Amino acid sequence: MIRQCRFTESKEPAQILVLLYEFEALTKLGDARAESVLERALVLPNPEPKLFESFAALAVEHPAHQPRLSMRALKVAIHTHLQAEEPDFTKCSKAIHSLIQQSLSCNEDEAFTYFKEMADILDKRAQGKYPRMEIVWLMTKAWNTGIRHFCCGSYTEAEKWCAMSMHLLPHMDSLRDTYEEQMMSVYADILDGIEKHRSSRGLEDVSLPSALSRFVGVGPSSVGKEQT
């Protein structure tokens with residue numbers, strides 16, 4: 001059921017509630033017309049991010065299962081947050097968290113694009129304003145994805161994802177020392193393993209079980225359990 005929420009700046013709260021109820025009904029029925037409701041919301045005057053965050057939640061609330069529609073709504077919510085002169089990065093980070101969580105389950109290449117966009121936001125707009133634990137979560141997700149690829153022999157993907165995790169490290173501020181030394185050490189080992197693979201077209205000179213066991217669980221997730 002739709003949870004009660006306030007759209008404080010909306011001049012047409014009744015219209016918004018109608019859109020939410022219609023969207024909920026159509027998504028639970030698996031009706032493709034649910035996307036047309038989202039389209040109608042896009043032309044509302046000054047819609048709040050909360051509206052699209054509600055759409056996103058409804059699109060994946062059982063029995064509905066429309067992750068693509070949910071991700072589209074989340075992208076609109078994030079864009080709306082970032083249009084503000086001074087975005088509320090605490091609220092925006094929740095939408096980004098959900099978008100990346102869902103995209104990792106659907107398409108890792110797409111998820112990596114969102115990671116790059118997120119890194120750009122951290123570098124250029126959210127200096128010191130983005131929730132630290134959300135940065136830890138992003139860093140952990142990227143790191144663990146890279147380690148998983150390394151264990152599967154996908155070395156290019158492994159380096160790409162671990163490099164993304166390392167890119168986020170400077171934004172940790174006071175928490176940086178907690179992770180940096182361990183991550184730098186393991187990242188160097190990963191790069192060394194990749195180079196050996198490229199040189200020998202295999203890892204014949206490395207004992208895979210023992211080598212890979214050093215990488216699994218090392219990094220951000222070894223300090224704090226990965227959040228969902």
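Contact here means heavy atoms within 4.5 Å. This is a predicted model, where local features need pLDDT of at least 70, side-chain atom pairs count only at pLDDT 80 or more, and totals for chains, interfaces and linings use all residues. Residues are numbered from 1 along each chain as its sequence is written, and side-chain values use heavy atoms, with hydrogens and water left out.

**Stop 1: the core**

Select Phe 55. Leaving out residues up to four places away in sequence, Phe 55 touches Leu 19, Leu 20, Phe 23, Val 37, Leu 38, Ala 41 and Ala 73. Phe 55 and Tyr 130 have the most contacts inside the largest nonpolar core, which has 65 residues. (A nonpolar core is a set of buried Ala, Val, Leu, Ile, Met, Phe, Trp, Tyr and Cys residues joined through side-chain atoms within 4.5 Å; buried means under 20% relative accessible area, exposed over 50%, partly exposed in between, with a 1.4 Å probe and protein chains only.) Colour helix H7, residues 132-151: with 9 residues, H7 gives the most to this core. (Helices are DSSP runs of H or I, at least four residues, numbered from the N terminus.)

**Stop 2: helix H5**

Select residues 89-106, helix H5. The 18 residues of H5 should span 26 Å at 1.5 Å a residue, and the end C-alpha atoms are 25 Å apart, which agrees. Next, show the buried residues of H5, including Phe 89, Cys 92, His 97 and Gln 102. The buried residues of H5 pack against helices H3 (49-59), H4 (67-83), H6 (108-124), H7 and H8 (155-168).

**Stop 3: Ser 93**

Stay on H5 and zoom in on Ser 93. Ser 93 is buried, because its relative accessible area is 2%. A polar atom of the Ser 93 side chain lies 2.7 Å from the backbone oxygen of Thr 90. Setting aside neighbours within four places in sequence, Ser 93 contacts Tyr 130, Pro 131 and Glu 134.

**Stop 4: two loops**

Go to the loop between H3 and H4 and pick Pro 63. The peptide bond from His 62 to Pro 63 is cis, with omega near 10 degrees.

Finish at Asn 46, in the loop between helix H2 (34-42) and H3. Asn 46 is not a glycine, yet has a positive phi of about 50 degrees. Is Asn 46 buried or exposed? Asn 46 is exposed, because its relative accessible area is 68%.

Key. A polar contact is a pair of N or O atoms within 3.5 Å; within protein, one must be able to donate a hydrogen and the other to accept it, and residues adjacent in sequence count only if both atoms are side-chain atoms. The expected span of a helix is 1.5 Å times one less than its number of residues.
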